[in-house]
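Thanks for coming. I will take a few minutes on one structure and the two ligands in it. Please have it open on your screens.

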Amino acid sequence: MRQMRTAIGLMSGTSMDGIDVALLRTDGEVRVVRGPSMDIAYDPSFRRRLQAALETAKAIEKREERPGDLAEVERELTLRHAAAVQAFLHENNMAPADIDVVGFHGQTVLHRPRQALTVQLGDGALLARETGIPVVFDMRANDMVHGGQGAPLIPAYHAALARNLPADCALPTVFVNIGGISNLTYVGADGRIVAFDSGPGNTLIDQWVEAHAGVPFDQGGMIASEGRILPDLVARYLSNPFFVSDERRSLDRNDFTPPAGSEATLEDGARSLARVTAAAILKSAGHLPQGPKTYVVCGGGRLNRAIMGDLAELAGATGAVVMTAETVGLNGDSMEAEAWAYLAVRSLEGLPLTFPGTTGVRMPVTGGVLSTPQHR
Ligand SMILES: Nc1ncnc2c1ncn2[C@@H]1O[C@H](COP(=O)(O)OP(=O)(O)OP(=O)(O)O)[C@@H](O)[C@H]1O
Ligand SMILES: CC(=O)N[C@H]1[C@@H]2OC[C@@H](O2)[C@@H](O)[C@@H]1O[C@H](C)C(=O)O
């Protein structure tokens, strides 16, 4: 039997709203004991620096390049993660020596799977030095070396969680993560795992309300609740070639862009984009081996009532039930950070992080780079 390890996972997702921290005890296989978690929001000025970094990163041709101020942003981002680990340890009365490994995602600033190019800002060696804890980072790259799209990586963790779902959670179950981009993991009655990014999540909504109301997101879907669905606008997004492409697996944040300001009122835009998010999940689910019976929703989008209402309506029409992660005893905010803790332990064990059915990789492969601080 493999040893149980204590791991911290750190996720700074495509929404760029902050750092999620979560603790996990796991053997990297089926044994998973979830611990506390914490969110640390970025201040608006750092969020703007990250938004600008996405533009600067467009010039990158080789993944180690750091044009413009990207090296500086990477250092600041890493130091913010170190501070997040320290705050988390303090809050939970723990010391660095209590933690076996940190799984560090970093910040994706560029993702071009067709060019086998994915760039996450995040200096694992610096994080290891600052925290005094071994760090596993850069978990997407090896997948791409072996023909995968480098995303999504969370399915290996969903597969472990699926072993302990409550009995009323009928299979096939699909885990849906509605973050900046949405992705889904199908768990069949036969244990089969299939996963891919499913479409825009909150990014379009965030960009729309930020541009037209000066707020970072549509809290609770309040703005959308005042609007109506514009069918032509929704249809235009759903006609994106992504939804029918054979290579459809992973998305870059910039693959979908928000509508022009003249196309909708604030409320109608927010309402229509919420519909796009829900309908994109259902449209992508059409590529799964079988129709899902249950959707388990995690990520910030589950807090938008317009998205969740549409998802319940559209999935309900196929006979499926939609539940939040909390309904099945999980935490929809910390699941990605938990996944990075889980993947770090798998990386230490040399276990695969990705599979042909998740990223399109040629065979199951492990990944990640380990940086160990002195004195450990
Ligand atoms: N109370 C809320 N009401 C509505 N939407 C919310 C709420 N809280 C968060 N969100 C949305 O969720 C987003 C953050 O979601 P999450 O943290 O799951 O994404 P992420 O991890 O950054 O992205 P990804 O999973 O793509 O990497 C916010 O940008 C916002 O749009
Ligand atoms: C390249 C990259 O960072 N992709 C993210 C992004 O955010 C959601 C979706 O797109 C998913 O593919 C992935 O993150 C999740 C956590 C994953 O790899 O499973």
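One term before we start: a polar contact here is a pair of N or O atoms within 3.5 Å. Keep in mind that this is a predicted model.

With that cut-off, take ligand 1. An N or O atom in the side chain of Asn202 is 3.3 Å from an oxygen atom of ligand 1, so this pair is within the 3.5 Å limit and counts as a polar contact. Ser15 has a backbone N or O atom 2.9 Å from an oxygen atom of ligand 1, and a polar backbone atom of Gly300 is 2.9 Å from an oxygen atom of ligand 1. As for cover, ligand 1 on its own exposes 650 Å², and 87% of that is buried by the protein.

Which residues come closest to ligand 1? They are Thr14, Gly180, Asp206, Gly220 and Glu336, out of 21 residues that surround the ligand. Sorted by class, the shell around ligand 1 holds 13 polar, 4 nonpolar and 4 charged residues. Both domains take part: domain 1, which is 5–149 + 336–371, and domain 2, which is 167–328, each give at least three residues to the shell around ligand 1.

Now ligand 2. It has 15 residues around it, and the nearest are Thr108, Arg140, Leu153, Ile154 and Asp197. Three of these residues make contacts I want to point out. In the side chain of Thr108, an N or O atom is 2.5 Å from an oxygen atom of ligand 2. For Asp197, again through a side-chain N or O atom, the distance to an oxygen atom of ligand 2 is 2.7 Å. Ile154 uses its backbone: an N or O atom there lies 2.8 Å from an oxygen atom of ligand 2. Of the 430 Å² of accessible area that ligand 2 has on its own, the protein covers 97%.

Which elements give two or more residues to the shell around ligand 2? Strand E4 (101–112), strand E8 (181–187) and helix H11 (335–349) do. The largest share, 3 residues, comes from E4. By class, the shell around ligand 2 has 7 nonpolar, 5 polar and 3 charged residues. Domain 1 and domain 2 each supply at least three residues to the shell around ligand 2.

Last, where do the ligands sit?

Definitions and conventions. Residues are numbered from 1 along each chain as its sequence is written. Chains are lettered from A and ligands numbered from 1 in the order in which they are written. This is a predicted model: local features need pLDDT of at least 70, side-chain atom pairs count only at pLDDT 80 or more; totals for chains, interfaces and linings use all residues. Side-chain values use heavy atoms; hydrogens and water are left out. A residue is near a molecule or strand if one of its heavy atoms lies within 4 Å of it. A polar contact is a pair of N or O atoms within 3.5 Å; within protein, one must be able to donate a hydrogen and the other to accept it, and residues adjacent in sequence count only if both atoms are side-chain atoms. Accessible areas come from the Shrake-Rupley method with a 1.4 Å probe; for residues, only the protein chains shown count as cover. Helices (H or I, at least four residues) and strands (E, at least two) are DSSP runs, numbered from the N terminus. Ala, Val, Leu, Ile, Met, Phe, Trp, Tyr, Cys and Pro count as nonpolar, Asp, Glu, Lys and Arg as charged, and the others, Gly among them, as polar. Domain bounds come from an automatic or database domain assignment.
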